[in-house]
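These are my notebook entries on a structure that I looked through chain by chain. I set down each item as I looked it up, with the cut-offs beside the terms.

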2 protein chains.
Amino acid sequence: MDLRTIKTFQTIARLGSFQKAAEELKYVQSTVTMQIQKLESDLGVKLFERGKKIYLTEAGRLFHEKADLLLRDLDYVQNTMKQWLHGETGKVRIGAIEPMAIFRLPSILLPFNHKYPKVQLSIQIDNTQNLTKMIKEGELDLAICNTPNLDHTTLFEPLFIEEVSLLVPKEHPLSEKEQVELSDFKGERLLLSGFVCNYRISLEKSLVEAGVSPDIQLEVNSMSALKEYVQVGFGIAVVPDVMVKNPPPGTEIKKISDLKIGVTTGILRKINTVTNGTAVENLIRLIKTHF
Amino acid sequence: MDLRTIKTFQTIARLGSFQKAAEELKYVQSTVTMQIQKLESDLGVKLFERGKKIYLTEAGRLFHEKADLLLRDLDYVQNTMKQWLHGETGKVRIGAIEPMAIFRLPSILLPFNHKYPKVQLSIQIDNTQNLTKMIKEGELDLAICNTPNLDHTTLFEPLFIEEVSLLVPKEHPLSEKEQVELSDFKGERLLLSGFVCNYRISLEKSLVEAGVSPDIQLEVNSMSALKEYVQVGFGIAVVPDVMVKNPPPGTEIKKISDLKIGVTTGILRKINTVTNGTAVENLIRLIKTHF
DNA sequence: TTGATCATTCATTAAAAATGAATTGTTTTA
DNA sequence: TAAAACAATTCATTTTTAATGAATGATCAA
């Protein structure tokens, strides 16, 4: 069944004449005849009763009704794709590391959503390593994460460098000090995010360099969760500043004077996806303006 | 946009491979490639990202979703037409004269409706003349009416002959008699159905032959209405027996001993509409078994 | 019955889709 | 890092399908 044939059918039904339909659709009459004959044989039913005037058969009327569905769908699909070209519709699958997803993305995505209400947004929170994998697999359109292990299929554009600080419970001895040093970590129970990432690697390296080997008590794969553990006195943790702008009650932030690790955060995406679509491009542009 | 191409697209999306799709759809690989290329250029967007593994682009995912609609509707349309072939769906436009529509059709249509609940029924009540016109115009699939003026485009199959009787108000002098004769009509106020039909023509002819020229006081184009007029004493009326099986309160039925008109009722339809469809055929068969 | 109006038929042409062989590009593995 | 393996693409060719135009057939109205 050809969609053009269905259009022809609907035109005939509307105009009540093969000839007029042929004129309107810029066909020769015989073409119309043959299209309908083919359609009829495809469907196995006669659609028109022929005479000088033509009438829809019962089957014809039925088909007329239902075929409308098809043409409307076709219109809808074509329209959708056109809208998509202008970035007005579609779905953007965003991957983000937790601090980004929780503390920065909401205010970035809100205006985007207002401007393009038909663009669906999907947010996947995970660590940089997994996000990178998902980007490579094509499961995400863009990821906001830390510097990944680059390869030739991906592109990473840094956005900003995230500072980190120490989060300590109020009753902890270190909470007395204005600033802390890496050497203060000696013997402390350190809580870490539960996956290997650049930030964690740098931290551990810095600690080793400072001659400190802290006691790693607990790993959790959520920074938000980590804060709760600090709060109840489980230990101390190094977390991105953005996550502790408002430190949880019973905890305090300390700058680490001699820790020089900055965690680079940026946009990761596949190379060569010029066809990512305007929606993704628009979003990336918007994100960049925020930093 | 070709529907087969869309099917190919969906298959690729499902199997994640041009090659596998080609196998499943019994194409050569290159065909699949070219179909998709055409589709992409038609839509103006890239649908897949190519590599050893292929991925849907954002546009591809969007199209995937929307195109599903199209294919589902296509299925639906094709199914509907298949059902129609078995008389299980469709719409039957029935025309009927009033006595038929009110007193006989309901009990005929009920079992039909139970057996074929998806077949829509439409009933148009009118006189034989108009029904005939509608049949010729293709506005009805079948009509149950009196013998029409036949022509070569229509076919009339008689079902039964309707007897007529006289309906009189109880307080009327004629209600005393067991039977009436045409001569009794002399000077009576006769009520008639308001359109020219075989039954009315025969009646008037019979009256003239009996030397009676009754006083025609009122015409209504509804037999049901006619009964009401008789009931309130407006006059007397000759009506089909079926309409007065239960004469309205305050009225009585009298056989007219010397009136020999029988009103033939039958099925009228267009000749050559072999393609009327199973539903119509089924209904006609059912109607015939009732008489 | 004739002429006018449409739809249909059919041989021909034109266009589009499918094929198969060769090629390019990517990933895997040796 | 080369090469084998795999998958998509290109392109010339064939096949299929659709469109055309002229002739024919059917129906209606005068």
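**Entry 1: dimensions of chain A.** I began with the radius of gyration of chain A, which is 31 Å, whereas a compact globule of 291 residues would have one near 19 Å. The radius is taken over C-alpha atoms, and the globule rule is 2.2 Å times the number of residues to the power 0.38. I then looked up the spans of the C-alpha trace of chain A along its principal axes, which are about 100 × 35 × 30 Å.

I noted that this is a predicted model, in which local features need pLDDT of at least 70 and side-chain atom pairs count only at pLDDT 80 or more, while totals for chains, interfaces and linings use all residues. Residues are numbered from 1 along each chain as its sequence is written, and chains are lettered from A and ligands numbered from 1 in the order in which they are written.

**Entry 2: make-up of chain A.** I found 9 helices and 13 strands in chain A. Helices (H or I, at least four residues) and strands (E, at least two) are DSSP runs, numbered from the N terminus. Of the 291 residues in chain A, 35% count as buried. The term buried requires 20 or more other C-beta atoms within 10 Å of the residue's own; exposed means 12 or fewer, and partly exposed lies in between, with C-beta atoms placed from the backbone. Among contacts in chain A between residues at least 6 apart in sequence, I noted that 73% join residues at least 24 apart. A contact requires C-beta atoms, placed from the backbone, within 7 Å.

**Entry 3: the two copies.** I looked up how chain B superposes on chain A: a rotation of 180° with 0.1 Å of shift along its axis does so, with an RMSD of 0.2 Å. This is the relation of a two-fold axis. The superposition is by least squares on the C-alpha atoms of residues with pLDDT of at least 70 in both copies.

At the interface, 37 residues of chain B are in contact with 37 residues of chain A. On the chain B side, the elements giving two or more residues are α4 (58–85), β3 (90–96) and α9 (278–289). The largest share, 17 residues, comes from α4(B). Of the interface residues of chain B, 100% are also interface residues in chain A, so the copies meet through the same surface.

**Entry 4: strand β5(B).** I turned to strand β5 (residues 142–146) of chain B, where 5 of its 5 residues are buried. β5(B) pairs with β3(B) in the parallel sense over 3 bridges, and B:Ala96 has B:Ile144 as its bridge partner in β5(B). Pairing requires at least two DSSP bridges between the strands. β5(B) also runs antiparallel to strand β12 (residues 263–270) of chain B, joined by 4 bridges. There, the bridge partner of B:Ala143 in β12(B) is B:Leu268.

**Entry 5: B:Gln231.** I located B:Gln231 in helix α8 (residues 223–231) of chain B. B:Gln231 counts as partly exposed, with 16 C-beta neighbours inside 10 Å. Leaving aside neighbours within four places in sequence, I found B:Gln231 in contact with B:Pro169, B:Pro248, B:Gly250 and B:Thr251.

Technical notes
Contact = placed C-beta atoms within 7 Å.
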